[in-house]
Amino acid sequence: MYAQEKIKPYTGKAEKGKMVKSMFDTISPTYDKLNLLMSWGIDRSWRKALIDSLKPWRPQHILDVATGTGDLAILAAKSLKPQQVTGADFSEGMMEIGREKAAREGLGEVITFVHEDCMNMSFADETFDAVTASFGIRNFQSLDKGLVEMCRVLKKGGRLAIVELTTPQRFPMKQLFGLYSHTILPLYGNLISHDVKAYRYLTQTIEAFPQGEQMTEILKNAGFEEASFRRLTCGICTLYLATK
């Protein structure tokens with residue numbers, strides 16, 4: 001078990017997956033606003049870096065795991081022009097906002113949002129040309145199970161692309177990020193979403209989550225090949241790429 005799998009957003013005996021689902025359903029109305037505020041809009045450039053990495057592959061059927069409110073799925077549909085993007089999540093509250101956003105963009109027929117447990121997805125083996133995830137795998141109840149499932153539904157030769165929040169490794173960004181994540185971030189969460197525990201959980205899981213070389217080894221153990229990573233914005237975010 002990885003360290004972040006032991007961290008729950010709330011106290012109680014319920015399993016982590018159920019608590020995380022409840023958390024995202026609760027904060028879904030303010031999630032997009034908080035994302036923009038907390039990252040100063042830089043999260044858009046991180047998603048763009050992920051999408052740019054997929055352009056040479058021209059995937060036609062894309063699965064966006066832990067899709068949330070659909071920002072990455074919408075960007076994939078607009079930039080990559082695939083036949084179909086499937087956004088999978090277990091939070092109906094988050095996906096309902098995603099459906100509304102996709103409809104406003106005229107992408108309602110390209111993007112489909114489906115309720116899925118990322119530890120045990122209903123899709124057949126080798127269904128998708130590409131599998132993506134943005135800021136979601138850190139919340140998996142079992143990282144290994146989630147990655148194995150992502151590998152299973154990816155076609156042979158298909159591409160995996162993930163962006164995930166990480167802790168900077170070098171001075172002074174490491175110290176500045178630590179100060180920001182332990183003070184300003186929970187304050188924003190409490191003021192806007194009125195759920196300070198959710199954003200304390202965010203900080204704790206970022207710090208506990210495996211990153212860099214350790215994460216590429218985890219990807220290879222899940223069945224992927226040629227796993228690599230690239231740190232973005234001084235290491236606040238990391239882009240992971242792999243093929244099956």
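Helix α2 (residues 43-54) passes helix α3 (residues 71-80) in a right-handed crossing. A crossing is called right-handed if the near helix is turned clockwise from the far one by less than a right angle, and left-handed if anticlockwise. Helices here are DSSP runs (H or I, at least four residues), strands are runs of E with at least two residues, and both are numbered from the N terminus. This is a predicted model, in which local features need pLDDT of at least 70 and side-chain atom pairs count only at pLDDT 80 or more, while totals for chains, interfaces and linings use all residues. Residues are numbered from 1 along each chain as its sequence is written, and side-chain values use heavy atoms, with hydrogens and water left out.

Let's stay with this pair. The axes of α2 and α3 come within 10 Å and cross at roughly 45 degrees; axes are lines fitted to C-alpha atoms, for helices over the stretch in contact, and angles run from 0 to 180 degrees between N-to-C directions. α2 is therefore oblique to α3. Angles under 35 degrees count as roughly parallel, over 145 as roughly antiparallel, 65 to 115 as roughly perpendicular, and the rest as oblique. On the α2 side the contact (heavy atoms within 4.5 Å) is made by Arg47, Lys48, Leu50, Ile51 and Leu54, and on the α3 side by Asp71, Leu72, Leu75, Ala76, Ser79 and Leu80. These residues divide into seven nonpolar, one polar and three charged. Here Ala, Val, Leu, Ile, Met, Phe, Trp, Tyr, Cys and Pro count as nonpolar, Asp, Glu, Lys and Arg as charged, and the others, Gly among them, as polar.

Now look at helix α1 (residues 16-39). A straight helix of 24 residues would span 34 Å at 1.5 Å a residue, but α1 spans only 25 Å between its end C-alpha atoms; the expected span is 1.5 Å times one less than the number of residues. α1 bends by about 75 degrees at Ser28, and Pro29 follows within four residues. The bend is the angle between axes fitted to the seven residues ending at a residue and the seven starting there.

α1 also has a partner, helix α7 (residues 184-192): the two pack at an angle of about 150 degrees, with axes 11 Å apart. So α1 is roughly antiparallel to α7. Thr30, Lys33, Leu34, Leu37 and Met38 of α1 touch Leu185, Tyr188, Gly189 and Ile192 of α7. That contact has six nonpolar, two polar and one charged residue.

α7 meets α6 (173-182) as well, at an angle of about 25 degrees and with axes 3 Å apart. This makes α6 roughly parallel to α7.

Most residues other than glycine have a negative phi, and most peptide bonds are trans. Yet Arg58, in the loop between α2 and β1 (61-65), has a positive phi of about 50 degrees. A cis peptide bond, with omega about 0 degrees, joins Phe171 and Pro172.
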